[in-house]
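Biologist: Please take me through one part of this model up close. Keep it brisk, and show me the structure before you start.

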Amino acid sequence: MTTVAKLGPSDSRETQLHCLLYWEKRQPQKVFMVQPAENGRVFHYTWGDVANQVRRMAAYLGTLNLKPRSKIAIYGKNSAHWIMADLAIWMAGHVSVPLYSTLNAEGAKHVLIHSEAKLLFVGKLDGQSDSWHQVKEIIPSKLPCIRLPLSPEYKGAPQWDDLIRMVSPLDEVTFPDPDEVASIVYTSGSTGLPKGVVHSFNTMMAPSWELNSIFKFTPDDRLLSYLPLAHVAERVFVEISSLYYGLEVYFVRARESFIADMNRAKPTLFLAVPRLWTRFYLDINKRVPLRAQSLIFKIPKMNQFVQKQMLVELGLQHVRMAFTASAPMPADIMTWYRSLGLDLIEAYGMTENFGYSHGARPQEKSHGDVGRPYPGVQCKIDFNGEILVKSPGMMLRYYKDPAKTAEAMTEDGFLRTGDMGEQDAQGRLTITGRVKDLFKSSKGKYVAPVPIEQKLGNHTMLDAVCVCGAGLPQPIAIVQLADIRPDKLPEKVRETLEKELQVLLRKTNAQLEPHEKLDFIVVVNESWTVKNGFLTPTLKIKRSVIEDRYESRLESWSALRRKVVWM
């Protein structure tokens with residue numbers, strides 16, 4: 001087995017470029033990234049290939065006479081060339097600015113202008129699940145663009161492949177100071193316009209150095225990249241980890257081919273958000289109901305065969321460690337995966353600390369918590385219940401916003417996470433809500449919606465939940481069903497689901513304080529998606545958008561005097 005000889009926690013002054021050139025020299029013929037394209041074509045890029053293309057693009061960028069440390073944006077879905085563009089920007093001495101492929105026109109315009117981007121890489125886009133049709137109309141006319149492979153046509157913008165053929169690869173690489181700014185990562189904008197979070201090479205690399213002692217990644221491991229690379233979770237898990245450990249990275253061709261891509265990649269490490277883990281779970285349960293599973297799992301030998309076959313169906317049979325992050329994971333779904341033999345590990349982090357804060361350890365079972373602090377992380381709870389964290393991945397600042405930077409930090413250097421939580425004697429952290437999400441009922445009592453949403457979210461038919469009710473006598477829950485519109489439900493299924501929701505409401509209210517008890521549940525007849533603005537690119541609800549959308553209906557819903565209201 002190949003092992004890392006030089007890179008590791010002791011080499012804390014190494015940057016992403018040091019890693020690239022290390023693997024270019026050590027294993028130039030080993031495949032680094034595998035990119036599927038249309039018509040069944042698949043491109044395999046070795047470490048030597050990637051380093052050569054990055055050196056060439058860096059040389060080309062050097063001909064543009066940009067000022068050192070210029071901001072260069074990357075807009076597109078995950079692809080091999082997304083990562084190559086990032087590396088080329090750094091090798092040319094500039095700062096990368098990722099944009100979510102689902103960012104709306106207003107958000108994209110804000111990022112491009114606020115960051116003062118001098119160049120834009122346009123990547124893989126399909127115009128259906130992304131925002132390309134909107135964003136292409138607001139790209140400043142004087143902003144030069146370069147099209148990555150698999151990108152759409154755009155006003156005669158030159159293509160990556162053509163440009164790198166025009167130049168010789170950069171021979172001498174000047175490595176950046178690890179404390180220099182590497183990237184400005186804009187938040188997903190759940191509470192307004194995105195904020196620019198400034199990270200150095202050091203803060204981006206820190207998670208890989210520190211986690212080396214917990215997760216024994218090796219160059220034999222494989223990853224499938226599909227969560228947005230514009231978000232820190234995928235950036236640290238896929239981009240930085242692959243560079244640090246020499247991992248092999250596969251990409252998804254399209255949403256429809258996800259399971260086929262999983263089976264092609266055979267990932268040994270896999271990160272997903274709870275929304276996807278829940279959909280996997282529901283997909284299997286449609287074919288093999290839970291009642292049938294419970295009977296089968298009691299049969300010796302048969303149980304192991306069926307459990308393994310379920311993982312095969314999902315493309316997870318080779319996964320030795322799986323991770324969930326970004327939102328709370330329903331406990332019963334977590335238990336179900338573990339019953340199949342999948343070691344599902346929950347993690348917690350933020351853009352501001354490059355996703356490096358807390359997590360469970362391999363084979364360590366969580367109990368509604370997000371694990372213990374990672375090595376080098378300090379955590380404490382403030383007087384108002386807010387979680388304060390000091391991490392090696394801590395941002396340098398918010399870009400162009402010293403006031404918000406000062407507001408986010410304590411005098412002794414801890415980040416105010418905005419999350420509320422509790423720690424036990426072992427340091428395990430449980431998230432109990434968001435400080436800013438608290439609202440006051442008409443009775444003058446404060447309600448924390450997140451813990452209530454977590455309890456309701458355990459129901460597998462619910463895809464998303466928003467608890468609201470500022471100014472109402474009691475809070476209410478607005479929910480979206482998983483994978484089906486209410487008006488498409490057969491009558492009998494709808495009646496059964498209504499009874500289940502009534503039971504869920506009673507069980508949930510039995511666990512709540514009197515002022516927190518839900519008055520009723522509303523099942524909406526529309527989808528909450530990233531594209532229509534109800535969800536962030538990381539699939540979290542945009543609470544203010546949902547509240548604004550349904551505020552005018554609250555009174556009429558309440559007048560129905562029903563425990564379950566169908567919109």
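Modeller: Asp86 has a relative accessible area of 0%, so this residue counts as buried, a label for values under 20%. This is a predicted model. Asp86 sits in helix α3, which covers residues 80–91. What does the side chain of Asp86 make a polar contact with? The partner is the side chain of Arg235, at 2.9 Å. Now set aside the neighbours of Asp86 within four places in sequence. Asp86 is then in contact with Ile74, Ser96, Arg235 and Glu239.

Ile74 leads us on to Leu120. With neighbours within four places in sequence left aside, Ile74 is among the contacts of Leu120. Ala73 and Tyr75 are on that list too. Leu120 belongs to strand β5, residues 119–122. Is Leu120 buried or exposed? Leu120 is buried, because its relative accessible area is 1%. Now look along the chain. Gly341 is 221 residues away from Leu120 in sequence. The C-alpha atoms of these two residues are 44 Å apart.

Next, a pair of strands. Strand β1 spans residues 31–36, and strand β2 spans residues 42–46. They pair in the antiparallel sense, over five bridges. Take Val34: its bridge partner in β2 is His44. The hairpin of β1 and β2 has five residues between the strands. In this hairpin, Asn39 takes a positive phi near 60°.

Notes
Residues numbered from 1 in each chain as written. Predicted model: local features only at pLDDT ≥ 70, side-chain atom pairs only at ≥ 80, totals over all residues. Heavy atoms only, no water. Helix = DSSP H or I, 4+ residues; strand = E, 2+ residues; numbered from the N terminus. Buried < 20%, exposed > 50% of the residue type's maximum accessible area, 1.4 Å probe, protein only. Contact = heavy atoms within 4.5 Å. Pairing = 2+ DSSP bridges. Polar contact = N/O pair within 3.5 Å; in protein donor to acceptor, adjacent residues only side chain to side chain.
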